Amino acid sequence: MTTAREAPDILSPEFAMDPYQAYRVMLDTSPLLWHEPMQSYIISRYEDVTRAFREPVFTTSNYDWQLEPVHGRTMLQMSGRDHAVRRALVAPAFRGNVLENTFLPVIERNARELIDTFRDRGEVDLVSEFATHFPINVIVDMLGLNRDDHERFQRWYTSIIAFLGNLSQDPDIAEAGLRTRTELAEYMIPIIRERRENLGEDLLSTLCAAEVEGTTMSDEDIKAFVSLLLAAGGETTDKAVASLFRNLLDHPEQLAAVREDRSLIPRAFAETLRYTPPVHMIMRQPAEDVTLSGGTIPAGSTVTCLIGAANRDPRRFAEPDRFDIFREDLPTNTAFSAAANHLAFALGRHFCVGALLAKTEIEVAANQLLDAMPDLELAPGAASVEKGVFTRGPASLPIRFTPVR
Ligand code: HEM
């Protein structure tokens, strides 16, 4: 096993600027690192990260301190039957008929309304004017909450995400996260109580009424799940939309192919999830000693699983640093299911429950954006810089286009 000093430090500005360079060193020479400031082991190889997601010995107890203070207890912390029942309570709302009939129109409307604010202007920052708003607005509307509160949810979700990615334990970020928990509870609990009396077609009503094997969700359970949705479904899809367009703009021939044949959008999204995943790292806590490439991790330690590195492991993907929507080693038909071979949605029991919702959001957004901006290009002289270590995506994406008359 090597120590952190021999590889680029995960908390350094150099790493934040270009984690991919650091990932290459880790994959090659330091597949298992101990990081003293984070008090965590770091793993990067595809085989090791896959095991950490799939094998039950790797528990999610890390979320007891990483998420519970800000959300309350959620399904991410659970295992076995408890987890299976929680998942069964919420999963039907994120796939099949409910997704297609009830929520697709909500997604389409939110994409259209945001694009309407810039479609005649000929220029837009796709991050600040579209990507950061779209998924949160969709979730707020799916839940059947007040659309005037979109901005308020925007603020809460930013603070939750900062709490989750607070690797250096900044006390201001921690305090803002805890404040958000109180504010969100004060807002949500009365609405949940009222909704129980007046059930409708929305997601909040579905959660209020859901019952599996005699288990229902308490007001606190629902509030915690709503809070989880903001983080899990907001930040991720936000980064995914922006990264998809950034990757395509960087590869004009692939952008042209997608513009001509929209059935390529899921391929382009899958390759974006592999090449530039929205979530770069997920933690786990093994219940027993486990041996991985490079050494043994003692029971109870925290393990940081580098999705961004594993997705570029040359042992798994050919020419991993090349963005190629036509690559043959990334099947699109499984890319949004637990049989996926990229790791952006994790794998195993906690595989992203919102993967199909994310795919629908991306397809709707990409189609509408390409319709509104057929000749889109990066604004001349503009640079689009990626930001973030825990979650990562373009900080801005200034685009120029000829408005469609
Ligand atoms: C591109 C978009 C998305 C990405 C990259 C993503 C990524 C992930 C990852 C990596 C996990 C596993 C966390 C872990 O195992 O510790 C996860 C779980 C989860 N995601 Fe997503 N997600 C996305 C979209 C969404 C959406 C749209 C929703 C819902 C609105 C959602 C809801 C959830 C939930 C509730 C879990 C917990 C599942 C469980 O514990 O069984 N995600 N997601």
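Predicted model: local features only at pLDDT ≥ 70, side-chain atom pairs only at ≥ 80, totals over all residues.

Residues are numbered from 1 along each chain as its sequence is written, and side-chain values use heavy atoms, with hydrogens and water left out.

**Cavities and pockets**

Let us begin with the terms. On a 1 Å grid over the protein atoms alone, a cavity is a set of points where a 1.4 Å probe fits but cannot get out, while a pocket is an open set with protein on both sides within 12 Å along at least five of seven lines; lining residues have an atom within 4 Å of a point. Grid points are joined across faces, edges and corners, and a volume is the space filled by probe spheres set on the points. In the table, Ala, Val, Leu, Ile, Met, Phe, Trp, Tyr, Cys and Pro count as nonpolar, Asp, Glu, Lys and Arg as charged, and the others, Gly among them, as polar. Helices (H or I, at least four residues) and strands (E, at least two) are DSSP runs, numbered from the N terminus.

There are 3 cavities of 30 Å³ or more.

| Space | Volume | Lining by class |
|---|---|---|
| Largest cavity | about 800 Å³ | 29 nonpolar, 8 polar, 5 charged residues |
| Second largest cavity | about 90 Å³ | 6 nonpolar, 1 polar, 3 charged residues |
| Largest pocket | about 540 Å³ | 10 nonpolar, 9 polar, 5 charged residues |
| Second largest pocket | about 260 Å³ | 8 nonpolar, 3 polar, 1 charged residues |

The largest cavity, at about 800 Å³, is lined by 42 residues, and those closest to its centre are Ala 232, Gly 233, Thr 236, Cys 352 and Val 353. Helix 13 (219-250) makes the largest share of this lining, with 10 residues. Elements that supply at least two residues each also include helix 6 (80-90), helix 10 (150-164), helix 15 (265-275), strand 8 (281-286) and helix 17 (355-372).

Helix 13 is also the leading contributor to the second largest cavity, with 3 residues. Among the residues lining that cavity are Arg 73, Arg 86, Asp 221 and Phe 225. Helix 6 and helix 13 are the elements that give two or more residues to the lining of the second largest cavity.

Turning to the open spaces, the largest pocket has a volume of about 540 Å³. Its lining holds 24 residues, of which Ile 161, Glu 235, Lys 239, Gly 388 and Thr 391 are the closest to the centre. Here the largest share, 5 residues, comes from helix 10, while helix 10, helix 13 and strand 14 (393-394) each supply at least two. Helix 10 returns in the second largest pocket, where this helix and helix 4 (63-66) each supply at least two lining residues. The residues around that pocket include Pro 37, Trp 65, Phe 163, Asp 170 and Met 283.

**Around the ligand**

How many residues surround the ligand? There are 29 (each with a heavy atom within 4 Å), and the closest are Tyr 63, Arg 87, Arg 284, His 350 and Cys 352. Polar pairs (N or O atoms within 3.5 Å) give more detail. An N or O atom in the side chain of Arg 284 is 2.7 Å from a ligand oxygen, and the side chain of His 350 likewise places an N or O atom 2.7 Å from an oxygen atom of the ligand. Ala 232 takes part through its backbone, with an N or O atom 3.2 Å from a ligand nitrogen.

**Cysteines and Arg 312**

The structure holds 0 disulfides (pairs of cysteine sulfur atoms within 2.5 Å). Cys 305 is in none, and the nearest cysteine sulfur, that of Cys 352, is 16 Å away.

Arg 312 sits in the loop between helix 16 (307-310) and helix 17. With 8% relative accessibility, Arg 312 counts as buried. A polar atom of its side chain lies 2.9 Å from the backbone oxygen of Tyr 275, and a polar contact of 3.0 Å joins the side chains of Arg 312 and Asp 321. For such contacts within protein, one atom must be able to donate a hydrogen and the other to accept it, and residues adjacent in sequence count only if both atoms are side-chain atoms.

Terms used. Buried < 20%, exposed > 50% of the residue type's maximum accessible area, 1.4 Å probe, protein only.
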